[in-house]
Amino acid sequence: MTWTVIDLDVQLVADVSKVLGTGTKTETVNASLREVLETRRRALARTRLQDG
């Protein structure tokens, strides 16, 4: 793990935290990143299946 200083939209983080059920900003950001990655990977796999 590393420390990174970034500016976050506080309201957006709070809204996403409620949707994801996370308790801290770190948990929210990490869960969001995982979800985006998984979604993109699934979309890529679906595209490959359709093209294959």
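## A tour of the predicted chain

Start with the whole protein chain in view. Its radius of gyration is 15 Å, whereas a compact globule of 52 residues would have one near 10 Å. Keep in mind that this model is predicted.

The C-alpha atoms fill a box of roughly 40 × 25 × 15 Å. Now switch to a cartoon view. You will find 2 helices and 0 strands.

Next, show the surface. The protein chain exposes about 5,000 Å². Carbon and sulfur atoms supply 57% of that area. Buried residues make up 10% of the 52 residues.

Colour by charge. There are 8 positive and 7 negative side chains. The centres of these two sets lie 6 Å apart.

**Helix 1, end to end**

Select residues 10-20, which form helix 1. What caps the N-terminal end of this helix? Select D9 to see the cap. A side-chain oxygen of D9 lies 3.1 Å from the backbone nitrogen of Q11.

Go to the other side. Just after helix 1 comes G21. Its phi is positive, at about 75°.

**Inside helix 1**

Now pick S17, a residue of helix 1. Is S17 buried or exposed? S17 counts as buried because its relative accessibility is 15%, and the cut-off for buried is under 20%.

Which residues touch S17, leaving aside its neighbours within four places in sequence? Select T22, G23 and T28: S17 is in contact with each of them.

Conventions
Residues are numbered from 1 along each chain as its sequence is written. This is a predicted model: local features need pLDDT of at least 70, side-chain atom pairs count only at pLDDT 80 or more; totals for chains, interfaces and linings use all residues. Side-chain values use heavy atoms; hydrogens and water are left out. Helices (H or I, at least four residues) and strands (E, at least two) are DSSP runs, numbered from the N terminus. The radius of gyration is taken over C-alpha atoms; the globule rule is 2.2 Å times the number of residues to the power 0.38. Buried means under 20% relative accessible area, exposed over 50%, partly exposed in between (1.4 Å probe, protein chains only). Accessible areas come from the Shrake-Rupley method with a 1.4 Å probe; for residues, only the protein chains shown count as cover. Lys and Arg count as positive and Asp and Glu as negative; His and the chain ends are not counted. The place of a charge is taken as NZ of Lys, CZ of Arg, CG of Asp or CD of Glu. A polar contact is a pair of N or O atoms within 3.5 Å; within protein, one must be able to donate a hydrogen and the other to accept it, and residues adjacent in sequence count only if both atoms are side-chain atoms. Contact means heavy atoms within 4.5 Å.
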